[in-house]
Amino acid sequence: MHKLLTDSPGKEMLLLGNEAIARGALEAGVAFATCYPGTPSSEIPEQFFRISQETDLYFEYSTNEKVALEVAAGAAVSGLRTIVTMKHVGLNVAADPLMTLAYTGVKGGLVIINADDPSLFSSQNEQDNRYYARLSGLPMLEPTNTQEMKDMTARAFVLSESLELPVIIRTTTRLAHIRGAVTLGDLAPRKTRTHFQKNPFHFVCVPAVSRNLHKVLLERGAKAAKASEDSDYNRVEGEGPWGIVANGVSYDYVKDAVADLGLSDRVRILKLGFSHPLPRELCLGFLKEVEKVLVVEELEPVNETELRAMAQEARIDVPIQGKGVAGLSRLYEYDPALVRKAISSYFDVPYQGPEPVDTSHVPELPGRPPNLCAGCPHRATYYAVKEVYGQETIYPTDIGCYTLGLLPPISMADFVICMGSSVSSGCGFSRATDQKVVSFIGDSTFFHSGITGLVNAVHNNHKFTLVILDNGTTAMTGHQPHPGVDTAPMGVDRTRISLENLVRGLGVKDVHVVKPFKLKKTIEAVRATQEYDGISVIISQEFCPLFAKATGQARKTKPFRINEAKCKDHRVCIQKLACPAMFVEGERVKIDRNLCIGCSVCAQICPENAIVPVKD
Amino acid sequence: METKRLVFIGVGGQGNLLASRLLGEAALSMGIHTVVSEIHGMAQRGGIVESAVLLGDVSSPIVSGGEADVLVGFEPVETMRALGKCNKDTLVITNTHPLPPFTVAIGQGDYPTVEESLEAISSRVGRLIALDGNRIAREVGNPLALNMVMLGALLGSGAVPVEPDAMKKVISSSTKKAFLESNLKAFDRGMEEATGTRAAG
């Protein structure tokens, strides 16, 4: 049985933040779950995926976040309790349905989990999605620890149903990936089938309907404001003349800092857990009671700006500051020392913490950037393309493991902004420049948002080559399936869509399906695209070795070794491939047989044929 | 109880995330307030993997520069790279087995000797326990048990209020049968190594 199905109310478990969210949904009787995976949200759907194999919970990995939210909308307006999870930039993709789903509202509770990524641990930007609550008019909750991640998720379903609005829960990387104690509650039964009640004047958003629905949204927003006012997720803690306002993980830093600085009798903390709409009366009461206010919030000054506006309106003359105070910046995530320093500086309280040791004597250390794994097929594809197209070609790339092609010695990534941009920006590059263009996109990313770009490329007669790196899984985020995957080895029954048929169906005439570990044939296919006057697509098919191993689909191969009698130490292998299974010892290249998976790519490029399979 | 802030640092595949999680589980089983934080994402791709374990009366899930009570490093150069987490009183426990990054192999940067790394660390912090965890893991017949050796050394150092029995219970309940004996052996060997250094430290 999945551990999150443990039916022992009161039991304490150490849960990952993302697991706590999944548990909260189960305690609310969630019946329907959708997502597109994305760090730092991916462990939530991972739980639902496994739980759906043991229970009648419906779960799907949807094609992208827009699709995930629309699928969820169908279930929620019909009356099922539904959850949809995504990373912050995923909500950009889902923003279109979000804005108008706010108009129709929902019948069954709909909870949207949005995971922001301050400090960009694994993202292309660090946008602050609290603005989406403001843009859409939807309520937003912000937990501060694992217990709240569970509790708030469960409560969000009830709130969503009482307001008839989707509720957004905003986490951050830090919260998603902490483990902390969670006291379990009761698991609720699931209602998994319902009957849709037609109501075109509420659900069909033509202008005449939406004019009215916008008014309905504002009325529901007013109800949400009342709920925020009454919520115990918003509260004032402590007594004292100084005020600190905090949300999310910043609240934890503030709480510790106040204790460390010995300020417990001088500071009151306004904790904002139901952070949109803000609890106006609570905030005003707080502002009236204190002499000065420090707002601690990562990224944008959202609470700071709204509190200032409230104070101005109510003519409360109290200094409110946040961004710009001793290191409180709009950039990156905060940490305990940074917040402690800001509080000590703003309220002029001396503090001497432990000093970091002087590290000036540490020599310059070699970098350890992440690297494509040993036996990663992307390395072989990159090698083949570079052999033909060289360094001058423009290489738009996309979002996935293969973005690591940015790093030397591959150095084949010239532009990436978002999922799918490799294809469409390739259209632009090829028209605007006199350079050749080869775009790279992964299989999951192609299904997510590369298809429309390719339709555009065919229709508008663009001329470039698109390489679809088809490793049979969504590797970067933890091997989730996608529409092109044979899901049987993962224990689920889904229809597989052939990438080749899809690409041909979109009107691409020059299609090459290659096996990248067969370097010679792959290079020939790449060369053919160079001569083609139009849009070419190369589908480079080889399993992600980690996925193949995990699902029992790995081929039995022998690792390789260097025949030192033949090796002339040209180092072409290590210089061009930088495979992590290779290393230099005693000035000679060696292969770590425990890491080598036997892809044989290095053996194919060795000028001496000095790389051979291990015997035994 | 007194707050303990620990940082675990290693390279993808060395198992330091599992070590920090198991420590958190063991602490929780003893009723100690625990927060563990992890950086996921690139762990499988050979990058640096960091986690933190905070025990006691503390809410923050991470450890700022200079604020680690204990730094557990699974690779000597990575331990040195994380030195900024330490202060003059910090206990550092490090594996001495080097794992040079591929950047060295392609001529981008030099990998310092293990002696240089250990000297650079021990000259600045309160106490250093250095052990060849990979060798011990191999000796107990389970090369993947480095994280168990390091956990053993941590508990052997006496720096955390977690009982070895509680730790072993957690290890037992989360290890596959085939690896259980060697994991526990690795843990014990790590403990012995560190206990031996206690008087000297």
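**Interfaces, domains and local backbone features**

Chain B and chain A share 18 residue pairs in polar contact, both members being at pLDDT 80 or more. On chain B, the elements that give two or more residues to the side touching chain A are strand E1 (4-11), helix H1 (16-29), strand E2 (34-38), helix H2 (76-81) and helix H3 (102-105). The largest share comes from E2(B), with five residues. By class, this side of chain B has 24 nonpolar, 19 polar and twelve charged residues. The model is predicted.

The size of an interface is often given as the accessible area lost when the parts come together. For chain B and chain A this buried area is about 4,600 Å². Carbon and sulfur atoms account for 61% of that area. Arg45(B), Ile62(B) and Phe102(B) supply 16% of the area that chain B buries against chain A. The contact draws 55 residues from chain B and 55 residues from chain A.

Charged pairs also link the two chains. Four salt bridges are counted between chain B and chain A. Glu75(B) forms a salt bridge with Arg368(A). The closest N and O atoms of Glu75(B) and Arg368(A) are 3.4 Å apart.

Strand pairing crosses the chain boundary as well. Strands of a sheet pair through backbone hydrogen bonds, either parallel or antiparallel. Strand E8 (residues 178-183) of chain A pairs with E2(B) in the antiparallel sense. Three bridges make up this pairing. Within it, Ile178(A) stands opposite Ser37(B) in E2(B).

Chain A is divided into four parts: domain 1 (3-230), domain 2 (234-346), domain 3 (377-550) and domain 4 (560-613). The centres of domain 1 and domain 2 of chain A, taken over C-alpha atoms, are separated by 27 Å. In their contact, 31 residues of domain 1 of chain A meet 30 residues of domain 2 of chain A. About 2,400 Å² is buried between domain 1 and domain 2 of chain A. Carbon and sulfur atoms give 50% of this area. In domain 1 of chain A, the residues that lose the most area to domain 2 are Arg130(A), Arg134(A) and Glu229(A). Together they contribute 25% of what that side buries.

Polar terms at this domain interface were counted in turn. Four salt bridges lie between domain 1 and domain 2 of chain A. A salt bridge also joins the side chains of Lys271(A) and Glu148(A), at 2.8 Å from N to O. Across the interface of domain 1 and domain 2 of chain A, 22 residue pairs are in polar contact, with both residues at pLDDT 80 or more.

Several elements of domain 1 of chain A give two or more residues to the side that touches domain 2. They are helix H6 (130-136), strand E6 (140-141), helix H7 (146-163), strand E7 (167-172), helix H8 (173-176) and helix H10 (207-230) of chain A. H10(A) gives the most, with six residues. By class, this side of domain 1 has 15 nonpolar, seven polar and nine charged residues.

Chain A also contains an open sheet of five strands with mixed pairing. The strand order is E9-E11-E10-E13-E14 (chain A). Strand E9 (234-237) and E14 of chain A are the edge strands, each pairing on one side only. Strand E10 (residues 242-246) and strand E11 (residues 267-272) of chain A run parallel and are joined by five bridges. Ile244(A) stands opposite Ile269(A) in E11(A).

The peptide bond from Thr39(A) to Pro40(A) is cis, with omega near 10°. Pro40(A) is found in the loop between strand E2 (32-35) and helix H2 (43-52) of chain A. Pro408(A) and Pro409(A) are likewise joined by a cis peptide bond, with omega about 5°. Pro409(A) sits in the loop between helix H15 (377-389) and helix H16 (421-432) of chain A. Arg315(A), a residue other than glycine, has a positive phi near 55°. Arg315(A) lies in the loop between helix H13 (302-313) and strand E14 (320-321) of chain A.

Terms used
Residues numbered from 1 in each chain as written. Chains lettered and ligands numbered in written order. Predicted model: local features only at pLDDT ≥ 70, side-chain atom pairs only at ≥ 80, totals over all residues. Heavy atoms only, no water. Contact = heavy atoms within 4.5 Å. Buried area = accessible area lost by both parts, 1.4 Å probe. Polar contact = N/O pair within 3.5 Å; in protein donor to acceptor, adjacent residues only side chain to side chain. Helix = DSSP H or I, 4+ residues; strand = E, 2+ residues; numbered from the N terminus. Nonpolar A, V, L, I, M, F, W, Y, C, P; charged D, E, K, R; others polar. Pairing = 2+ DSSP bridges. Domains from an automatic or database assignment.
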